[in-house]
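Hello,

I am passing a structure over to you. Please open it first, then read the notes below.

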Amino acid sequence: MAWVSLFLAGMFEVVGVLGMNRINRDKNVKAFILFGVGITLSFIFLSLALRSLPMGTAYAIWTGIGTAGGALVGMLFFGESRDWRRLLFIAMVLASAMGLKLIS
């Protein structure tokens, strides 16, 4: 259950980052709500995961999911660069997160 909570924490971090991006573009109430809900749920699920996972591992994987997810959302919805080197380093972040899971 801790790993599911950690995965959800990472996904809601991406939602929060998406809201932050919308705040920078639109500055409307919906963007602030998206940001607030995303970040709040992210921290709640991270807190639940930390009950049984080591802090260093959980934090690294949470930020890895957020980093890779934020970059992918930027590429898919905001026209950010899809350079192969960028994709390579995103894959390395995800591989590192999976490696931490395997040794935990």
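The notes cover the annotated spans, the aromatic rings and a surface patch.

This is a predicted model, where local features need pLDDT of at least 70, side-chain atom pairs count only at pLDDT 80 or more, and totals for chains, interfaces and linings use all residues. Numbering starts from 1 along each chain as its sequence is written, and side-chain values use heavy atoms, with hydrogens and water left out.

**Annotated spans.** The unreviewed UniProt entry marks residues 6-24, 31-53, 59-79 and 86-103 as "transmembrane region". Such annotations may be inferred rather than shown by experiment. Residues 86-103 are 100% helix and 0% strand, with end C-alpha atoms 26 Å apart. Residues 31-53 are 83% helix and 0% strand, and their end C-alpha atoms lie 32 Å apart. Helices are DSSP runs (H or I, at least four residues), as strands are (E, at least two).

**Aromatic rings.** Rings of Phe, Tyr and Trp (its six-membered ring) pair if their centres lie within 6.5 Å; planes under 30 degrees apart are stacked, over 60 edge-to-face, the rest tilted. The count is three aromatic pairs. Tyr59 and Trp62 are a tilted pair, because their ring centres are 5.6 Å apart and their planes stand at 45 degrees. Both residues sit in helix H3 (residues 55-77), three residues apart. Ring pairs join Phe43 to Tyr59 and Trp62 in a cluster.

Trp62 is buried, at 7% relative accessibility; Tyr59 is partly exposed, at 48%. The cut-offs are under 20% for buried, over 50% for exposed and in between for partly exposed (1.4 Å probe, protein chains only).

Leu72 lies in helix H3 and is partly exposed at 34% relative accessibility.

Best wishes
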